[in-house]
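I opened the model to look up a few local features. These are my entries, in the order in which I made them.

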Amino acid sequence: MLFNLAILFATVLAMEGVGTLAHKYIMHGWGWWLHRSHHQPQLGMLETNDVYLVALALIATGLVALGKAGHTPLQWVGGGVAGYGLLYVLAHDGWFHRHWPRKLRPANRYLKRLHRAHRLHHAVKGRQGCVSFGFFYAPPLAVLKRQLRARRTHIER
Ligand SMILES: [Zn+2]
Ligand SMILES: [Zn+2]
């Protein structure tokens with residue numbers, strides 16, 4: 001049991017790395033056409049960007065199914081992927097983008113930094129020149145601001 005829980009937690013942690021890379025190289029790369037809606041003013045409850053969430057759910061379901069079919073540890077990997085997806089929806093959709101009915105104030109420095117860093121991610125409207133691609137880890141804000149400034153002058157030239 002303990003081993004399985006370790007797999008679950010390790011997967012959730014690893015998913016932040018996977019998520020950051022996917023956001024940077026897929027969603028802001030060849031998958032931009034789906035993610036673009038998320039960098040534009042939102043019209044309804046759903047956006048094409050949600051397709052990524054569906055993909056994540058399918059991957060999690062597939063892993064759990066493989067686990068049930070005999071490759072037991074994969075169930076817990078699938079659980080970790082699903083857990084990460086859930087945390088993503090709660091933090092990113094609900095809290096960063098204020099889809100929850102109540103406004104929540106960042107309770108500590110870590111959450112404050114996370115919240116501001118995602119604001120800075122959305123400070124750039126286009127595909128290129130964005131900073132901070134993680135959802136649960138953010139570089140120091142001073143670093144992000146410096147990056148943004150450097151990229152802006154680079155783009156203007
Ligand atoms: Zn983005
Ligand atoms: Zn966002």
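I started with Tyr 84, which sits in helix 4; helices are DSSP runs of H or I with at least four residues, strands runs of E with at least two, numbered from the N terminus. I noted that this is a predicted model, where local features need pLDDT of at least 70, side-chain atom pairs count only at pLDDT 80 or more, and totals for chains, interfaces and linings use all residues. Residues are numbered from 1 along each chain as written, chains are lettered from A and ligands numbered from 1 in written order, and side-chain values use heavy atoms, without hydrogens and water.

Is Tyr 84 buried or exposed? I found 5% relative accessibility, so Tyr 84 counts as buried (buried is under 20% relative accessible area, exposed over 50%, partly exposed in between, with a 1.4 Å probe and protein chains only). Leaving aside neighbours within four places in sequence, I listed its contacts as Val 12, Met 15, Glu 16, Gly 19, Phe 135 and Phe 136; contact means heavy atoms within 4.5 Å. Met 15 is 69 residues from Tyr 84 in sequence, but their C-alpha atoms are 6.7 Å apart.

Next, the metal sites. For the zinc ion (ligand 1) I recorded the NE2 atoms of His 23, His 28, His 35, His 39 and His 121, at 2.1 to 2.3 Å. Donors are N, O and S atoms within 2.8 Å of the metal (3.2 Å for Na, K and Ca), and sites may look incomplete, since water is not among the atoms. The spacing along the chain reads H-x4-H-x6-H-x3-H-x81-H. His 28 in helix 1 (residues 2–30) and His 121 in helix 5 (residues 109–121) are 93 residues apart, so I logged a link between distant parts of the chain. Both His 28 and His 121 are buried.

Which residues coordinate the zinc ion (ligand 2)? I found His 38, His 92, His 97, His 118 and His 122, each through NE2, at 2.0 to 2.2 Å. His 92 lies in helix 4 (residues 73–96) and His 122 in the loop between helix 5 and helix 6 (141–156), so this pair ties together parts 30 residues apart in sequence. His 92 is buried at 1% relative accessible area, and His 122 counts as buried at 15%.

Last, I checked the record. The unreviewed UniProt entry lists residues 51–67 and 74–91 as "transmembrane region"; positions follow the numbering used here, feature names are shortened, and annotations may be inferred rather than shown by experiment. Residues 51–67 are 100% helix and 0% strand, with end C-alpha atoms 24 Å apart. Residues 74–91 are also 100% helix and 0% strand, with 25 Å between the end C-alpha atoms.
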